[in-house]
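Please look at the sequence and the structure shown here, and then read the short report that follows on some of the local features.

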Amino acid sequence: MSLPGVGSLRGQVRVPGDKSISHRALLFGGIAEGTTRIDGLLPAEDPLSTADCLRAMGVGVSAIRAGETVEVQGVGLDGLLEPGDVLDCGNSGTTMRLMLGLLAGRAGRHFVLTGDDSLRGRPMRRVGAPLAEMGALIHGRLDGNFAPLAVQGRQLHGRTIHTPVASAQVKSAILLAALTATGETTVIEPAQSRDHSERMLRAFGADLEVGGTNSTEITIRPGSNLRGQDVVVPGDISSAAFWLVAGAITPGAELKIENVGLNPSRTGILEVLEQMGARISVLNSRDVAGEPVGDLHVAHGPLQAFDIGGELIPRLVDEIPVLAVAACYATGVSRVRDAGELRVKETDRLAVMARQLGAMGAQIEEFEDGMVIVGGQKLKGAELDSETDHRVAMSLAVASLVAVGDSKLHRPEAAAVSYPSFWNDLARLRN
């Protein structure tokens, strides 16, 4: 794909539904009693993988099309059927990790989970280990760390589990397993990760409490049946992040991004961009189905370097690739610390972004859990590769907007994992 350099952006855009919330609405609807109706569900490859896995276990999920309500006919907490074939999670780590929690407690039933080449190379022991503390039996390559994974459903037992990393996927898998365990389960994180599961499980009727410093302790008690709900999925702030950075770094740009989810556990990107001096404002703040929502306005202006790490990282880990692009155009040296999690995403995003932006002339040094980016560099058009990572593909598209000369991007179709209409929106907003 050819990406022309030195462009500008103006107009309004509505990003697709939040991927994290879309997965959870499907999963929780699948094990609830009655019908769950979902408006705004993201019709992208990852949620489609979750829907396909649920269908294979007897859950009724209507066709998923942009702009249409999706109906999920739940089978109840213990109604999932043993599938007749391997469950294919595609490229979706969320699908596989949350499925492990969902299936580990299905006593007497056997499941096998696999995925594409990328997913089969991503670590799953981070979920399997805490589930094993509850009695789960999960086998896979390299001591259960890599798919294909075989799950022998068993009766699980409630525990207090300290997770070594702040991960919404790990936490959510444990909470799903706890729904049918004996006794209560408490998950304690080192820092708060995104809390969509807690919010939605309570809305579906789970007996769940959140406490501890900075909401890092979640306790769930089994015994409550989940009931089908009407869910409205807000726009994904991780998708909005590409337009926020594009608007902030592109001369003459002015954009309005409508209907964006502003859950406090996800708004680290806004905090960092505001620290950088980006001209961003929140308009029309409101609450939709328990999630804060608003419209975002961004315009071009000078930026200062950032230094991020610690408890902030779980709240913006998916946005670090595009923040690396913003850092190239900031005054000063930007630093990312405590982000080793990026090495086990769809790709090793620290290495990939250093490699791809380096091809454009950026001065980036990666280290074990982060990177240093020297700002004030003029990027030049180059031959680029998404390396099959959706967030890399879109981050490089943003970088190309302000590069001197045209770029060529290989494997742009990766963007469809989370934002199927990204390239159409980019073409419409360019002027």
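## Buried aromatic residues

Phenylalanine 242 has a relative accessible area of 2% and is therefore buried, a word used for values under 20%, with exposed meaning over 50% and partly exposed what lies in between, for a 1.4 Å probe and protein chains only. Phenylalanine 422 is likewise buried, at 1% relative accessibility, and tryptophan 243 is buried with a relative accessible area of 1%.

The model is a predicted one, in which local features need pLDDT of at least 70 and side-chain atom pairs count only at pLDDT 80 or more, whereas totals for chains, interfaces and linings use all residues. Residues are numbered from 1 along each chain as its sequence is written, and side-chain values use heavy atoms, with hydrogens and water left out.

## Aromatic pairs

Rings of Phe, Tyr and Trp (for Trp, the six-membered ring) pair if their centres lie within 6.5 Å, and the planes count as stacked when under 30 degrees apart, as edge-to-face when over 60, and as tilted for the rest. By this rule there are 6 aromatic pairs. In one of them, the ring centres of phenylalanine 242 and phenylalanine 422 are 6.3 Å apart and the planes stand at 70°, so this pair is edge-to-face. Because phenylalanine 242 lies in helix H9 (residues 237-249) and phenylalanine 422 in helix H14 (residues 422-429), the pair ties together parts that are 180 residues apart in sequence; helices (H or I, at least four residues) and strands (E, at least two) are DSSP runs, numbered from the N terminus.

Phenylalanine 422 also forms a stacked pair with tryptophan 243, at 5.2 Å centre to centre and with 25° between the planes. Tryptophan 243 lies in helix H9 and phenylalanine 422 in helix H14, so that this pair ties together parts 179 residues apart in sequence. Ring pairs link Phe242, Trp243, Tyr419, Phe422 and Trp423 into a cluster.

## An open sheet

Three strands make up an open sheet in the order E1-E23-E22, with mixed pairing, where two strands pair if DSSP finds at least two bridges between them. Strand E1 (2-3) and strand E22 (383-385) are the edge strands, each pairing on one side only. E1 and strand E23 (residues 407-410) run antiparallel and are joined by 2 bridges, and serine 2 has lysine 408 in E23 as its bridge partner.

## Backbone details

Most residues other than glycine have a negative phi, and most peptide bonds are trans. Leucine 142, however, has a positive phi, near 50°; this residue is found in helix H6 (residues 141-144) and counts as exposed at 64% relative accessibility. A cis peptide bond, with omega about 5°, joins alanine 147 and proline 148, and proline 148 is found in strand E9 (residues 146-152).
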